[in-house]
Amino acid sequence: MTPTITHINDLVAHCRKGEQRAQMEIYDRYYKAMYNTAYRITGHSAEAEDIMQESFLKAFTRIDSLNEDATFGAWLKRIVINQSITALNRSKKLAEVSYNDELKNEEDSGGLVVDANTNDKVKLVLNALKNLKENYRICLTLYLIEGYDHEEISEIMKISYGNCRTMISRAKESLRKKLQQHES
């Protein structure tokens with residue numbers, strides 16, 4: 001019987017050796033958070049699942065490029081965000097007709113699993129966030145939910161720092177208005 005590998009740095013070291021058990025352990029630890037990140041950006045569960053799977057494959061095949069100073073979770077999240085934005089841009093270029101994911105996943109709200117304990121206000125905010133313009137939704141998701149700063153968001157979205165600050169400010173105001181409309 002093999003001892004359980006628990007520390008993430010140990011898991012990464014084992015992944016570098018190609019051990020599938022370590023890869024499964026990492027997958028089990030991160031798949032929900034990575035799915036939620038992809039879903040919040042793309043807005044489609046099937047697309048988010050594909051992005052999550054592709055991101056793990058990319059991470060495991062390029063694990064040797066992981067800098068020792070970086071944490072695995074942040075590195076993986078960056079891959080997921082980049083893959084999500086690429087998929088979003090690709091779908092825009094192809095002018096794909098999107099299907100209504102809400103019918104398939106009525107219990108899904110913004111990529112977060114909604115249960116009996118989820119506050120109604122949280123549901124309301126997530127729903128309002130989903131209804132924002134796409135670039136507003138992505139900026140706010142990266143800023144408020146994922147915790148990126150203005151500089152990182154401007155780099156991810158390939159916009160200027162000033163444009164990023166303005167977009168986040170406008171997105172917050174738009175979200176505020178949507179929430180006020182719902183209250184009245």
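The second largest pocket of this predicted model is lined by 14 residues, and those nearest its centre are Ile-85, Asn-89, Ile-156, Met-157 and Lys-158. A pocket here is an open set of points on a 1 Å grid over the protein atoms alone, where a 1.4 Å probe fits, with protein on both sides within 12 Å along at least five of seven lines, and its lining residues have an atom within 4 Å of a point. Its volume is about 270 Å³, taken as the space filled by probe spheres set on the points, which are joined across faces, edges and corners.

Helix 4, helix 7 (134-145) and helix 8 (150-157) each give at least two residues to this lining, with helix 4 supplying the largest share, six residues. Helices are DSSP runs (H or I, at least four residues) numbered from the N terminus. Residues are numbered from 1 along each chain as its sequence is written. Local features need pLDDT of at least 70 and side-chain atom pairs count only at pLDDT 80 or more, while totals for chains, interfaces and linings use all residues, and side-chain values use heavy atoms, with hydrogens and water left out.

The largest nonpolar core has 26 residues, of which Ile-26, Tyr-30, Phe-56 and Phe-72 touch the most other members. Such a core is a set of buried Ala, Val, Leu, Ile, Met, Phe, Trp, Tyr and Cys residues joined through side-chain atoms within 4.5 Å, where buried means under 20% relative accessible area with a 1.4 Å probe, protein chains only. Helix 1 (8-16), helix 2 (20-42), helix 3 (45-61) and helix 4 (72-94) are the elements that give two or more residues to this core, and helix 2 gives the most, with eight residues.

Beyond residues up to four places away in sequence, Ile-26 touches Ile-8, Leu-11, Val-12, Cys-15, Phe-56, Phe-60 and Phe-72, a contact being heavy atoms within 4.5 Å. Phe-60, in helix 3, counts as buried because its relative accessibility is 16%. Phe-60 and Ile-26 are 34 residues apart in sequence, and their C-alpha atoms are 9.9 Å apart in space.

The whole structure holds six aromatic pairs, meaning rings of Phe, Tyr and Trp (its six-membered ring) with centres within 6.5 Å, stacked if the planes are under 30 degrees apart, edge-to-face if over 60 and otherwise tilted. Phe-56 and Phe-60 form a tilted pair, with 6.0 Å centre to centre and 35 degrees between the planes. Because they are four residues apart in helix 3, Phe-56 and Phe-60 are separated by about one helical turn.

Notes
Buried means under 20% relative accessible area, exposed over 50%, partly exposed in between (1.4 Å probe, protein chains only).
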